[in-house]
Amino acid sequence: MSKQNPSYTNPKPCKHLADYKLKHGLNGFKTLQNCLKTTPYGRTSVSKHKSETPRCSLCFAYQGRLYFCLICSSITCSSHANEHSQSHHGHEIAVDVERAELYCCVCRDQVYDPDFDRAVVSKHFMDMPSNVNGVEESNKRRRLGLGLELEWKRSKRLISMADRRAKSIFPLGLRGLNNLGNTCFMNSVLQALFHAPPLRNYFLSDRHNRQSCRRRSSDRLCLPCDIDVIFSAVFSGDRTPYSPARFLYSWWQHSENLASYEQQDAHEFFISMLDQIHEKEGKSGNQDKDNRDCQCIAHKAFSGLLRSDVTCTTCGFTSTTYDPCVDISLNLDMSFCPSTGMTNRTTKPNENAIISTLLGCLDLFTRPEKLGPDQKLYCQNCQERRNSLKQMSIRRLPIVLCLHIKRFEHSTIRKMSRKIDQYLQFPFSLDMTPYLSSSIVRNRFGNRIFSFEGDESETCTEFEVFAVVTHSGMLESGHYVTYVRVRNRWYKCDDAWITEVDEGVVRASQCYLMYYVQKGFYYKASEDLSCLPMSPPGGESYLPIAGCC
C-alpha cells in the first residue's frame, strides 16, 4: 500500500491506554523494563521478585492469568483486575505477567501499543548474550540506566549486527514477526504461507498489484493488497522483526467475529484467510460449485476434491458425492506404534506412550466407516433408509496439501474441551497414491475394476513437507510455533525469533497443521529462492508504517 492512498487508518487505540500515556508518558514502560525477564528462546514475562511466585493481591491465587499494574505494581488475577481498576482511579492499564503484553482492566482485553512493543523488544536485545571472540557480554551493559531512548538506539545497533550475521546464514524469506497481543496463531500460519511456492511466486511476481487494485474502498481494506505488502517486507532482505499491524487490522475488517486480541485457532485463521483471498480474487462467472474453474491463487494452490462413497449394506448400491476442500482434517490414530527411527533421541517422547503416525491417520481417514442406526441414509435402490458404510478418498490432489490434525476435542454432553497431547510421527516425503479414489475403489472391487474415470496416472502424488505449525501448552493458554524447511534445512519461527534447528526437534513437536507441496514444486522452489529479487518488482521500496517496524 503506497503513501498516496489515504484509505488506511491505524486501529483506534484504547481510550484508557491513551489517557495513561497522556498523563504518564513512557515512564511506566521504562520502569517495567527492570521487571522483564527474557528466556533464551525469546519469550518475555514479568518477574517482580525472582524468588517469589506471583500471586493475586486480593485472593492470593497464583494460577491462570495474572496482571501487573503499571501504576502501583500490584498483581491481580483476571477475576479481580477490573475490581482493582475501579477501586483505584487511573489504574486501568496492566501487563500480563506471563506474556508481557498490555492489558486494559476496564475493556478486559489485550491492547497493542508500538511504544510498549519497542520497550519489550529493547529488553530482548539487552538480555541477548553476545559471544564476541568467545567472551560473554558484560552484565554491566544491562544495568546502564541511560533512558529508553538510548536503549532503543542501542537495540537498533544490535539488530543491525544480528542482521548482518543473519544475512550470511539464513536464506531469503526468513524474517520474524512481532507478536501484537496473542497473535502467534496468525504469525505461525503466515510463516508457513510465505514458503508455499504458488503463493510466494504469485505475490512476488506482482500478480496482485496493490498500486492498481480497485477493490479497496474508503472504509474497507483489500486483504490481498496487505498480503502483498507483507510478502514484499518478508522477502526484502531486511531481517529486523516485522510488525504486521496493518494486515491484522485488514483481517479484522473482513472477519469481524474474530476481531479481538484473544488467542484464536490457527486452523480457523488459515481457512478465513483463504476465504478472503477467494472473495477478492475469485470473482469469475464461470465457476462450478467445487471451484475447479476458480482462478484465484487460493484455490489454484490449495483446492482439492474429496470423494465420499456411501454403500447400502442391504443391496450394495453405492451413492457417490464430491466435495471441494482446501485442507484435510485428520483424527489421531490411537494405535500403538514403537517410536523407532527417531533422529534425535534426546527429544523423542516416552517409548511406552501411544504414538500416532501420519500414514495411520490417513488410513483411518480413508477406512470404511459403519454409520450408526441414527445415521441411516436413504437408499435410492431400496427406496427406504438403510444401514450403510461410508468411505472417503481423495479424487483430486492440490498443489499444496494442508493436513489439519484434530488436537482439540469439544464434548457437547460434558460441556468440556480438551487438547490431545499425543505425539505424531510424520514423513518428510509423502506418497499419496494409496489414498486416491482410484486406489481405494480398485482395492474395494479388486480385478473387477480395470479402469477408472479420469484416471490419475498423470497426477503427481509425491509430496515434500515444507512447513509444520505446532501447538504447545494447554487449550486456553497455548503457543503456536512454525518450523519451515528451506533448502533441506529447518528453521524455527517463534514470533520475532528465527533460529535454525535440527530435524529431530521438528519430529518431536506437536504437529497441528502440516503443509506439503508436490515434489516438483518443492525442488523448483529451492532453486528459485536464490534468484528472488531483494526488493519488490519495479524497484519499489517497502514502506514501513510509523510505529510498527
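Modeller: Start with the contacts (heavy atoms within 4.5 Å). Among those with a separation of 6 or more in the protein, 68% join residues 24 or more positions apart. This is a predicted model, with residues numbered from 1 along each chain as its sequence is written. Local features need pLDDT of at least 70, side-chain atom pairs count only at pLDDT 80 or more, and totals for chains, interfaces and linings use all residues; side-chain values use heavy atoms, without hydrogens and water.

Biologist: Where is confidence lowest, and where is it highest?

Modeller: The score is pLDDT, the predictor's confidence in each residue, from 0 to 100. Helix 5 (residues 148-167) is lowest, at a mean of 47. Strand 16 (residues 400-405) is highest, at 96. The protein averages 76, and 70% of the residues score at least 70. Residues 530-549 stay under 50, yet the model gives them 36 contacts beyond four places in sequence. Where pLDDT is low, the predicted coordinates should not be read in detail.

Biologist: How many helices and strands are there?

Modeller: The protein has 15 helices and 25 strands.

Biologist: What makes helix 6 largely enclosed?

Modeller: Count its buried residues (under 20% relative accessible area; exposed is over 50%, partly exposed in between; 1.4 Å probe, protein chains only). Eleven of the eleven residues of helix 6 (residues 184-194) are buried, so the rest of the structure largely encloses it. Among them are Cys184, Asn187, Gln191 and Phe194.

Biologist: Which residues have the most contacts inside the largest nonpolar core?

Modeller: Leu199, Phe231, Phe302 and Tyr515, in a core of 65 residues. Helix 6 gives the most to this core, with eight residues. A nonpolar core is a set of buried Ala, Val, Leu, Ile, Met, Phe, Trp, Tyr and Cys residues joined through side-chain atoms within 4.5 Å. Beyond its sequence neighbours up to four places away, Phe302 touches residues including Leu193, Leu199 and Tyr515.

Biologist: How do you know that Phe203 and Phe231 are stacked?

Modeller: Rings of Phe, Tyr and Trp (its six-membered ring) pair if their centres lie within 6.5 Å; planes under 30 degrees apart are stacked, over 60 edge-to-face, the rest tilted. Here, Phe231 is buried, with a relative accessible area of 2%. Phe203 and Phe231 sit 5.1 Å centre to centre, with 20 degrees between the planes, and that is stacked. Phe203 lies in helix 7 (residues 197-204) and Phe231 in helix 8, so the pair ties together parts 28 residues apart in sequence. Ring pairs also link Phe194, Tyr202, Phe203, Phe231 and Phe235 into a cluster.

Note on methods
Helices (H or I, at least four residues) and strands (E, at least two) are DSSP runs, numbered from the N terminus.
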